[in-house]
Amino acid sequence: MSGSDDKSELSKRPWDPAGTQPKHDPASLLPKSGEPLLPPDADVVESDAIDEEHDRDLLPERHQAAGAPAKSAAREPTPYAPRFQFLTGALVAVGIAALVGITVAIVGIPPKHEGPAWSSWKPTSGGLQGATEIASHIAEAYRDQGKQLVNVDANDISYQGIPLLVAMRKSAEEGGAIQVHDEKGVLYQMCGLGVNCQIDGGKPSPRRDFLLRREGLELALYTFRYLGDVKQVVVLIPASPGKAQTKALYFSRDAVRPELDRPLTSSLLPKPPPTKDVKLSPDAKLVDQTTNPYLFSLMGSSFNERGYLVLDPYSSSADRALQKRLKSQKKQAAAAAAQAAAGSAPKASGG
């Protein structure tokens, strides 16, 4: 093709200012001969042919790996890393605490399991009023031949409104020392309907005395359990007819702590036994062990610079001597009163 023919061909093409049209004629790029690209005797593999023998030689050649890729150099920890770790842990802890708080706010705090009740009854008041409720409740339950044994009065440890300290003398075997107790206490006085708080019915006996000791123990247990500020309890036991009220029980909170830490029914039967069976009761051994060491003779009140309620270790012989001395003092007081009355009587005038 001559140069004029090329120019004529280019002049026939559309205007192409962006140069996107091909600069050559596509037909001019085809081979001039029409010979096939492969010879007639060339082997041709069909595209859908399948090798049924799975010859291992036909697998592609495996090449050795060029080596593991280079690892990036390890970073040195910064001096602030521990601080960031601490802050992260603190934030996680705060988040957990917040979730727990939300859960408690939604669900509520589960009720605390306090175990079985110590007793089926308890006073509704505290202080001396609570002690009065305890005295009334316990006294009503102790009976002899169907009749209530005694009435029980509750008071502070005092005499005519004057607070008394408990002066307790140890036995001679224990050294004979005097211990003074000034803790808050309650004084329970058992009184029958006879003279000087004597029991007006029934026959005095060791078994009835034992039943009264059991009642004194129950008074102390209820008091220590429900009146938390009381540290000592004194119980005055009624005397036999013709005698003064000189027998007393003394209890401290620490001495009966095992009985306070378990339900009352684990120590005493729910209902007091009758007088005739009191020493055969399953709780008789505990009553004897808990009351016998704390049985005292009430020596009266002593007033020096302070007031004292004086307690001496109890024994039958010591109690007989005390009763004799009290009778002698009573006679002397009566004689002095009679003499004073005679001295103050007006004399008759002469004629």
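Trainee: How do E11 and strand E12 pair, and over how many bridges?

Mentor: Keep in mind that this is a predicted model. E11 and E12 (residues 307-313) are antiparallel, with seven bridges between them. Within that pairing, Phe296 stands opposite Pro313 in E12.

Trainee: And which strand pairs with E11 over three bridges?

Mentor: That's E10 (residues 247-252), and E10 and E11 also run in the antiparallel sense. Phe296 turns up again here, as the bridge partner of Ala248 in E11.

Trainee: What about E8 and E9, parallel or antiparallel?

Mentor: Parallel, and five bridges join E8 to E9, which covers residues 232-237.

Trainee: OK, zoom out. What's the strand order in the sheet?

Mentor: Read across, the order is E3-E8-E9-E10-E11-E12-E6-E7. That makes an open sheet of eight strands, and the pairing is mixed.

Trainee: Which ones are the edge strands?

Mentor: E3 at one edge and E7 (178-181) at the other, each pairing on one side only. From one strand to the next, the twist averages 30°.

Trainee: Switching topic: how much space lies in the largest pocket?

Mentor: About 480 Å³. The lining has 20 residues, and the closest to the pocket's centre are Tyr159, Gln189, Leu236, Leu298 and Ser301.

Trainee: Which elements give two or more residues to that lining?

Mentor: Four strands do: E3 (151-156), E4 (158-159), E8 (185-191) and E11 (295-303). E11 has the largest share, with four residues.

Trainee: Let's do helices. At what angle do H3 and H4 pack?

Mentor: About 145°, and their axes are 10 Å apart. H3 is residues 127-141 and H4 is residues 206-226.

Trainee: Is that crossing left-handed or right-handed?

Mentor: The crossing of H3 and H4 is right-handed.

Trainee: Which residues meet there?

Mentor: From H3 you have Ile134, Ala135, His137, Ile138 and Ala139. They meet Glu215, Glu218, Leu219, Tyr222 and Thr223 in H4. By class, that contact has six nonpolar, two polar and two charged residues.

Trainee: Great, I'll go and find those on the screen.

Key
Residues are numbered from 1 along each chain as its sequence is written. This is a predicted model: local features need pLDDT of at least 70, side-chain atom pairs count only at pLDDT 80 or more; totals for chains, interfaces and linings use all residues. Side-chain values use heavy atoms; hydrogens and water are left out. Axes are lines fitted to C-alpha atoms, for helices over the stretch in contact, and angles run from 0 to 180 degrees between N-to-C directions. A crossing is left-handed if the near helix is turned anticlockwise from the far one by less than a right angle, and right-handed if clockwise. Contact means heavy atoms within 4.5 Å. Ala, Val, Leu, Ile, Met, Phe, Trp, Tyr, Cys and Pro count as nonpolar, Asp, Glu, Lys and Arg as charged, and the others, Gly among them, as polar. On a 1 Å grid over the protein atoms alone, a cavity is a set of points where a 1.4 Å probe fits but cannot get out, and a pocket is an open set with protein on both sides within 12 Å along at least five of seven lines; lining residues have an atom within 4 Å of a point. Grid points are joined across faces, edges and corners, and a volume is the space filled by probe spheres set on the points. Two strands pair if DSSP finds at least two bridges between them.
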